[in-house]
Amino acid sequence: MDASPRPPNGPGDLAERSLRQVWHPCTQMKQQAKLPLVALSHGEGPWLVDTGGERYLDAISSWWVNLFGHANPRINAALIDQLGRLEHAMLAGFTHEPVVSLSERLSALTGGVLGHAFFASDGASAVEIALKMSFHAWRNQGYSDKREFVCVRNGYHGETLGALAVTDVALFRDAYDPLLRHAHVVASPDARQARDGETAVDVARRAADELDTLLTQREGRIAAVIVEPLVQCAAGMAMHDPEYLRRVRALCDKHGAHMIADEIAVGCGRTGTFFASEQAGIWPDLLTLSKGISGGYLPLSLVLSRDAIYDAFYDDDTARGFLHSHSYTGNPLACRAALATLDIFADDDVLARNAVSAARLTQALAPLADDPRAKHFRHRGMIWAFDADLPDAPGAASAFAKRFYTEARARGVLLRPIGSTVYLMPPYVLDDGTIDWLAAQTLAAFDTTMNATLKQEVSA
Ligand SMILES: *Cc1c(COP(=O)(O)O)cnc(C)c1O
């Protein structure tokens with residue numbers, strides 16, 4: 001019997017060919033067919049350029065990964081050098097300079113508190129590793145009942161089955177719910193929940209009290225609490241006071257649970273310090289990094305762990321070791337890109353420079369703080385967000401997000417709202433003119449989108 005006919009591979013344009021063969025991520029392909037894909041030719045600093053020569057400012061750093069622009073000459077040079085030396089080798093039984101230097105430098109950035117680095121390729125795998133390490137470390141120490149995890153409402157930690165079990169985003173999770181081993185979900189410290197007269201610190205304390213109650217109820221059963229420090233990004237850039245992290249740290253110590261800080265999105269300077277946890281003055285037991293660590297160049301993730309956790313596996317018995325592996329663990333090219341990224345942080349005093357450009361962008365976006373159509377204008381480090389005040393109708397948020405995306409794209413800016421939340425997470429390389437231009441386009445796209453949304457409401 002003949003297989004179903006395959007559409008001919010005509011010359012077609014790149015976007016058409018993509019729709020024919022590529023299954024795009026986070027996409028309902030039937031809807032994508034209505035909105036043309038952007039077919040890219042190349043990148044230049046913060047800009048993406050399509051095959052027709054149109055330019056788009058990558059104001060969300062290509063899903064939060066890019067730090068120093070596309071085709072960055074310094075990262076390129078490091079990769080070209082590494083290509084001539086070693087592209088990849090297995091990391092069991094072998095080692096190489098890039099993976100050793102990267103582990104040393106990251107540990108030094110934690111003041112030596114997180115002394116070991118375990119490598120993988122994507123963020124979800126790093127989360128899986130942190131969960132497995134936590135459970136297995138407790139088991140090796142004689143606490144095999146500690147096998148439950150706690151996560152935060154609306155939290156996001158990736159979409160493989162283990163990571164999804166500690167993710168509380170209905171859109172990504174509901175279809176697979178029957179497959180998951182459920183974690184406990186506790187209140188989010190999201191500062192937008194402040195009641196009249198309450199501060200962000202009050203909200204943080206209230207959320208931490210709920211965690212305390214749960215840890216007391218499940219005493220001896222919880223392996224780890226996983227949090228996204230300072231900003232729950234996928235939840236729609238929900239921000240909280242560092243007090244929450246101090247409380248979680250203290251509660252984990254009190255109840256004998258590990259604290260896992262998922263810094264996959266908020267690490268690498270995104271919130272204003274290299275690690276977000278620094279702003280609370282605490283260190284977790286396990287810390288995950290990915291996204292920005294390779295400068296947005298190559299898939300790389302890792303878990304930093306305290307020596308006490310590492311020591312729990314150090315034994316004559318093979319089965320007490322952490323036997324997890326991925327084919328590309330510690331890939332030299334990715335590690336070299338990460339080293340070049342850390343060099344830029346050090347050589348250019350990036351955190352101080354970001355503070356200056358962040359102040360300028362905050363100032364340029366200031367009209368949003370007084371716009372009655374925009375709620376909760378908020379900012380931390382190199383993340384800005386606000387929520388559109390939309391009519392209370394089903395589908396309003398997703399219609400807004402699509403319309404805003406299209407409007408911004410037509411103006412040469414890549415912005416992809418999460419529901420009613422518009423956010424900016426640009427690379428760390430915007431000059432003053434580009435900052436002002438980005439703010440102007442964001443305000444204009446919001447204005448047009450809201451006018452269209454409200455007009456549609458009236459005519460409906
Ligand atoms: C993106 C993200 C992940 C998952 O990383 P992937 O590389 O997409 O698997 C996990 N945690 C957080 C906080 C993230 O933002």
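Which residue lies over the face of W47? Welcome to a short tour of close-up views, which opens with that ring. This is a predicted model, in which local features need pLDDT of at least 70, side-chain atom pairs count only at pLDDT 80 or more, and totals for chains, interfaces and linings use all residues. Residues are numbered from 1 along each chain as its sequence is written, and side-chain values use heavy atoms, with hydrogens and water left out.

**View 1. Charges over the rings of W47 and W138.** R55 is the residue over the face of W47, 4.5 Å from the ring centre. Likewise, K146 lies over W138, at 4.4 Å from the ring centre. Such a charge has NZ of Lys or CZ of Arg within 6 Å of the ring centre and within 35 degrees of the ring normal.

**View 2. The edge-to-face pair of F400 and F446.** Here the ring centres are 6.3 Å apart and the planes stand at 80°, so the pair is edge-to-face (centres within 6.5 Å, planes over 60 degrees apart). F400 counts as buried because its relative accessibility is 0%, and F446 does so at 1% (buried means under 20% relative accessible area, with a 1.4 Å probe and protein chains only).

Definitions and conventions:
Rings of Phe, Tyr and Trp (its six-membered ring) pair if their centres lie within 6.5 Å; planes under 30 degrees apart count as stacked, over 60 as edge-to-face and the rest as tilted. Buried means under 20% relative accessible area, exposed over 50%, partly exposed in between (1.4 Å probe, protein chains only).
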